[in-house]
Amino acid sequence: MLQLHQREEVPCSEVALSGNFEQYWDARPRHLRRNVRRYADKARQNGSLEFHVARDADPELMEALFRLHAARWRTRGESGMIEANHSAEFLIDIARQFAPKNMLRLFSLRYRGGVAAVILAFAYQDRIYGYLTGFDPAYKQFSLASVLLFEAVRECYQQDFRAWNFCRGNEPYKAEWGAQPVRRCRLILQRNRS
């Protein structure tokens with residue numbers, strides 16, 4: 001006999017991409033809009049800033065994601081998820097399998113010619129799932145992660161996605177981007193040994 005158990009998990013956060021991008025962006029907090037504009041302008045004064053979307057498992061972008069993710073976490077004295085879980089090869093394999101199905105997105109910002117920020121995301125039906133981010137801590141003063149997220153969400157509007165899902169966690173910055181918590185639970189089937 002099987003028993004079903006349900007356990008609450010850390011919620012996800014999701015932004016509904018309704019209306020058009022200008023309406024969405026105008027509804028964001030004033031300080032967020034101002035800061036993203038200032039960071040992008042400040043970065044552009046010091047070098048070229050280029051946004052790109054890849055739908056294939058571009059080896060340069062995957063390597064940059066791993067490197068930047070680890071660099072960011074090292075500033076906190078931690079290794080980061082990829083290194084801690086030894087998941088680089090797994091992520092490369094998943095990216096290669098999702099790309100032909102049009103389910104992969106690698107959003108990236110190049111700054112001064114080098115990859116400075118990357119978001120690994122997965123597309124499913126009308127949603128984008130922003131799974132993992134890496135950004136260069138050397139450019140922290142330009143908040144390139146925020147600039148990249150701005151460009152990625154704008155791209156999602158242009159591609160008619162209906163939601164940006166931040167996946168696990170409900171950190172306060174996600175609410176500023178319009179995210180609402182999404183309840184998650186884990187279902188466990190357990191075989192009764194009697």
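This is a predicted model: local features need pLDDT of at least 70, side-chain atom pairs count only at pLDDT 80 or more; totals for chains, interfaces and linings use all residues.
Start by selecting Leu2, Leu4, Leu187 and Leu189. Together they make a nonpolar patch on the surface, with about 450 Å² of accessible area between them. Now colour strand S1 (2-8) and strand S9 (185-191): these are the elements that give two or more residues to the patch. Click on Leu187, which sits in strand S9. With a relative accessible area of 56%, Leu187 is exposed.

Next, the charged pairs. The model has nine salt bridges, and we'll stop at a few of them.

Pick Glu8 and Arg183. Their closest N and O atoms are 2.5 Å apart, in a salt bridge. Glu8 belongs to strand S1 while Arg183 is in the loop between strand S8 (180-182) and S9, so this pair ties together parts that are 175 residues apart in sequence. How accessible are the two? Glu8 is partly exposed at 47%, and Arg183 counts as exposed at 58% relative accessibility.

Step along to Arg7 and Glu9, whose side chains form a salt bridge at 3.4 Å, N to O. Both ends are partly exposed: Arg7 has a relative accessible area of 43%, and Glu9 comes in at 21%.

Now jump to Asp126 and Arg127. Here the side chains meet in a salt bridge of 3.1 Å, N to O. Arg127 is partly exposed at 26% relative accessible area, as is Asp126 at 30%.

Key. Residues are numbered from 1 along each chain as its sequence is written. Side-chain values use heavy atoms; hydrogens and water are left out. Patches are made of residues with over 30% relative accessible area and no salt bridge: like charges are joined within 9 Å, nonpolar side chains (Val, Leu, Ile, Met, Phe, Trp, Tyr) within 5 Å. Accessible areas come from the Shrake-Rupley method with a 1.4 Å probe; for residues, only the protein chains shown count as cover. A salt bridge is a side-chain nitrogen of Lys or Arg within 4 Å of a carboxyl oxygen of Asp or Glu. Helices (H or I, at least four residues) and strands (E, at least two) are DSSP runs, numbered from the N terminus. Buried means under 20% relative accessible area, exposed over 50%, partly exposed in between (1.4 Å probe, protein chains only).
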